[in-house]
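Reader: I am new to this structure. Please walk me through how to read it.

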Amino acid sequence: MKRVRPPAPAGRVAAWVRSAPGTHIWLLVIGITSLVIAGATEGLGDFLLHRTSSNIHELNQHPLSSLLISGFWIENPSSFVLYAALFELVHANVERWLGTWRWLLTIGVAHITATLASQELVLLAIEGHRLPRSMTHVVDIGVSYGLAAAAGLLTYRLPPPWRYLYLASVIGFFGIPLLSGATFTDIGHAIALTLGLAAWPLTPDAGADAAADGDRSATPGHPPPDH
């Protein structure tokens, strides 16, 4: 009998990357933009961060591009390693489970909705003189809204009782800031997490449950009599 050798480490890594292409393409782009910020002068770095933000000013001037581009930058390049770890733990697992298109739909909707909702709150606060008008140019970039949505979806991937412990931890992580002087970013995180939790119908388990319900509700038929 021919002995089957386990795949080499490089092969396992390549297979993992291929299993979640969207996650790793996104992470590659973030790595490139982080290198750009790290190598830029202070003035150029500030310009790039403001120009690629999805703040009120940029949303008014370039609504579509600001919503898209803002998801490919992080403000502090030194945080890239942390984000890379979170992408592998959260995004890659959710993408492998849901498939690239359902994963992308969920995080895309969450990113756009959380961005628009949080910036609308900033606008209302400015008009109510609770925030300075300079907040229309605030730096609002990053991948955290999509990450919060994926973290919510990951809840349904875990079996009980770990599912409930994980859910309590995630709600606590994103919910506690809401009780202690929440910023517009904290509110955006809470919105994105809620949308991720609400995306349960997109999960394979939801489809399996619907099929099982259909099977249970069906009644066996009787063949027609012969004539």
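Author: Start with a term. Helices and strands are DSSP runs, numbered from the N terminus; a helix needs at least four residues.

Reader: How many helices and strands does the chain have?

Author: The chain has eleven helices and zero strands. Along the sequence the pattern reads α-α-α-α-α-α-α-α-α-α-α.

Reader: How do I read confidence in a predicted model?

Author: Look at pLDDT, the predictor's confidence in each residue, from 0 to 100. The chain averages a pLDDT of 88, and 88% of the residues score at least 70. Residues 218-227 have a pLDDT below 50. That stretch has zero contacts in the model beyond near neighbours in sequence. Where pLDDT is low, the predicted coordinates should not be read in detail.

Reader: What share of the residues counts as buried?

Author: Buried means under 20% relative accessible area, and exposed means over 50%. Of the chain's 227 residues, 37% count as buried. The chain exposes about 13500 Å², with 68% of it supplied by carbon and sulfur atoms.

Reader: Which residues of H8 are buried?

Author: H8 is mostly covered, with eleven of its eleven residues buried. Among them are Ser144, Tyr145, Gly146 and Leu147. Leu153 and Leu154 are also on the list.

Reader: Which helices do the buried residues of H8 pack against?

Author: They pack against helix H6 (80-98), H7, helix H9 (162-175) and helix H10 (184-198).

Reader: What about contacts across the whole chain?

Author: Take the contacts with a separation of 6 or more. Residues 24 or more positions apart account for 77% of them.

Reader: Now the loops. Where is Thr136 found?

Author: Thr136 is in the loop between helix H7 (100-127) and helix H8 (144-154). Thr136 counts as buried because its relative accessible area is 13%, and the cut-off is under 20%. Leaving out residues up to four places away in sequence, Thr136 touches Asn55, Ile56, His57 and Ile126.

Reader: Is His129 buried or exposed?

Author: His129 is exposed, with a relative accessible area of 74%. His129 also lies in the loop between H7 and H8. Check its backbone too. His129 has a positive phi of about 60°, although it is not a glycine.

Reader: Where does Ala182 lie?

Author: Ala182 lies in the loop between H9 and H10. Ala182 is partly exposed, at a relative accessible area of 33%. Its contacts, leaving aside neighbours within four places in sequence, are Pro177 and Ile187.

Reader: How should I read a salt bridge?

Author: Begin with the general idea. Side chains of opposite charge can pair when their charged atoms come close. Here the count comes to one salt bridge. The side chains of Arg51 and Glu58 meet in a salt bridge, at 3.3 Å from N to O.

Reader: Are Arg51 and Glu58 buried or partly exposed?

Author: Arg51 is partly exposed, with a relative accessible area of 36%. Glu58 counts as buried, at 7% relative accessibility.

Reader: How many aromatic pairs are there?

Author: Rings pair if their centres lie within 6.5 Å. The count comes to three aromatic pairs. Phe173 and Phe174 form an aromatic pair that is edge-to-face. Their centres are 5.0 Å apart, with 90° between the planes. Phe173 counts as exposed, at 60% relative accessibility, whereas Phe174 counts as buried, at 14%.

Reader: Which residues form the aromatic cluster?

Author: Trp26, Phe87 and Trp103 form one aromatic cluster.

Reader: Last topic, the surface. Which residues make the nonpolar surface patch of about 270 Å²?

Author: Leu28, Ile32 and Val36 make that patch. Val36 is found in helix H2 (residues 21-39). Val36 is partly exposed, with a relative accessible area of 37%.

Technical notes
Residues are numbered from 1 along each chain as its sequence is written. This is a predicted model: local features need pLDDT of at least 70, side-chain atom pairs count only at pLDDT 80 or more; totals for chains, interfaces and linings use all residues. Side-chain values use heavy atoms; hydrogens and water are left out. Helices (H or I, at least four residues) and strands (E, at least two) are DSSP runs, numbered from the N terminus. Buried means under 20% relative accessible area, exposed over 50%, partly exposed in between (1.4 Å probe, protein chains only). Contact means heavy atoms within 4.5 Å. Rings of Phe, Tyr and Trp (its six-membered ring) pair if their centres lie within 6.5 Å; planes under 30 degrees apart count as stacked, over 60 as edge-to-face and the rest as tilted. Patches are made of residues with over 30% relative accessible area and no salt bridge: like charges are joined within 9 Å, nonpolar side chains (Val, Leu, Ile, Met, Phe, Trp, Tyr) within 5 Å. Accessible areas come from the Shrake-Rupley method with a 1.4 Å probe; for residues, only the protein chains shown count as cover. A salt bridge is a side-chain nitrogen of Lys or Arg within 4 Å of a carboxyl oxygen of Asp or Glu.
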